[in-house]
Each structure stands twice: as C-alpha cells, then as structure tokens.
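Reader: I keep hearing about salt bridges, and I'd like to learn how to read them in a model. Can we go through one together?

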Amino acid sequence: MALTNATLSLRVLARLLSYPDAELRSHLSEMRDALHSEAALGAPRLAELDALMRSLTAQDPLEVEAEYVQLFDRGRATSLHLFEHVHGDSRDRGPAMIDLAKTYEQAGLYLAEGELPDYLPVVLEFVSTQPPKEARAFLGEMAHILNAIFSALVKRQSAYASVLGALLEIAGEKAQAVKVAEDEPLDQSWEEPAVFGGCSTEGQAKPGQPQPIRIVKNEAQRHNVVQGV
C-alpha cells in the first residue's frame, strides 16, 4: 500500500509551530485549505487543527504571540529545539547541530541567518522535501521526542498539542502521554547514538540518500509510557 504524500501538510504544520505573527495569521485560511485538500490526516485530527487555527484568528494578536512565547520559550518540556531534549547544554550539542546542518545542505537546503537546524519547524521543512517513505521514517525516529512535547502540551491544555499529534499520525505512530519531569533537564532522559545515526558527510552509510534521524531513549524511560491521550 502506497504511503500518503504529506508534503503540504508537513509544511503547514511547520508554519503552525512557528511564531504566530501577523503574516502567519494572514495565511491561516490557505493553510487550512491545504491540509484538507491533501487529506494526509484523519478527520478528527483535522478538526483539532481547524480549532487551533480558529483560535489564532479569534484571539487578540498580542495575546496569541505572548502565549506562544510563554508556551515554547520558557523551559525545556515544550521546547521546539529537539537537541534541548537530547543534549541540553552539553558540549555534544554543537557538533550535532553541525551534522544536522550538513544533512540539510546535502539536500540543497540552507538555513537562513539566525535559524538553528534542530528547531522543529526547520526540521519539518526538510522532512517535507523527502519522499513519503523516508519522511515517515524520519519522523518515526523522533517519535519519542514528539510524544514528550505532545504530553507537555496536553498537560498545559494547549491546542498546539494537535500539531504534535498530527506529526505522530503522519509518522504512523500513536500520540500517547508519557511522564515528563519538567523540573529536570531532558538531556538526562534521552541519549543519541553517533550524532543522528551517522548523517554527517563523513562516514555516511548511504551517501547521497536521505539519512534518517536516529534518536533513542534510555531503557529507564521505556517504562514511562502511560495510557494514550
């Protein structure tokens, strides 16, 4: 069975996780139409995303922007910088950033000034350029991090949880709550082998081909999964 092409959906989801400035809010109607036309997501998830976009339109712009900053820029649990959940402030973070940026460059994608390669909207822009099979595998490798962010957003009763749920759905994974110790650095809960599974230019297993992110959990964290949300 052929996998559904989710290129447009991934780009819309990337935008939904970006700072909700006036420009983004002016395109919400088009973004909604793109999600529904591609139909890469099920009706329940689309309904949740519709509700999120309606709320971004209906609320006071200053409140929308302030809530976004409070949600995603204050603490590790909901951080959209993936290496925050993997390396924290350790010295491994820099080399991992360089390797990931090289992966993008091999695909002909270059970061804008000030953009960090582990920022989830940037990662999703890259994933959207990959064939469906590779895109799904790439997201699947990040599923445990996506679920951690999803869980933190659910705990905060944030409608943004629907975006993480949508990403997990595209990956063929189940959005499920996991225990997140918000007062502890998440870099102690996750470990990463060989910086994204050898996706740098040196030592690539498959040079010239899409290289999936490979981030794994510590064994101790495997018992933290609780019932699905």
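Reader: How many salt bridges does the structure hold?

Author: Keep in mind that this is a predicted model. To spot a salt bridge, look for a side-chain nitrogen of Lys or Arg within 4 Å of a carboxyl oxygen of Asp or Glu. The structure here holds five of them. One of these joins the side chains of Glu65 and Arg25, with 3.2 Å from N to O.

Reader: Which parts does that pair tie together?

Author: Check which helix each partner sits in. Glu65 belongs to helix α5 (residues 61–72) and Arg25 to helix α2 (residues 22–26), so the bridge ties together parts 40 residues apart in sequence.

Reader: Are Glu65 and Arg25 buried or exposed?

Author: Here you need a cut-off: buried means under 20% relative accessible area. Glu65 comes out at 16%, so it's buried. Arg25 is buried too, at 17%.

Reader: What do the salt bridges that share partners join into one network?

Author: Let's build it up bridge by bridge. The side chain of Arg32 meets that of Asp50 at 3.4 Å, N to O. That pair links distant parts of the chain, with Arg32 in helix α3 (residues 28–38) and Asp50 in helix α4 (residues 43–58), 18 residues apart. Arg32 also forms a salt bridge with Asp33, at 3.9 Å, N to O. Put together, Arg32, Asp33 and Asp50 make one network.

Note on methods: Residues are numbered from 1 along each chain as its sequence is written. This is a predicted model: local features need pLDDT of at least 70, side-chain atom pairs count only at pLDDT 80 or more; totals for chains, interfaces and linings use all residues. Side-chain values use heavy atoms; hydrogens and water are left out. Helices (H or I, at least four residues) and strands (E, at least two) are DSSP runs, numbered from the N terminus. Buried means under 20% relative accessible area, exposed over 50%, partly exposed in between (1.4 Å probe, protein chains only).
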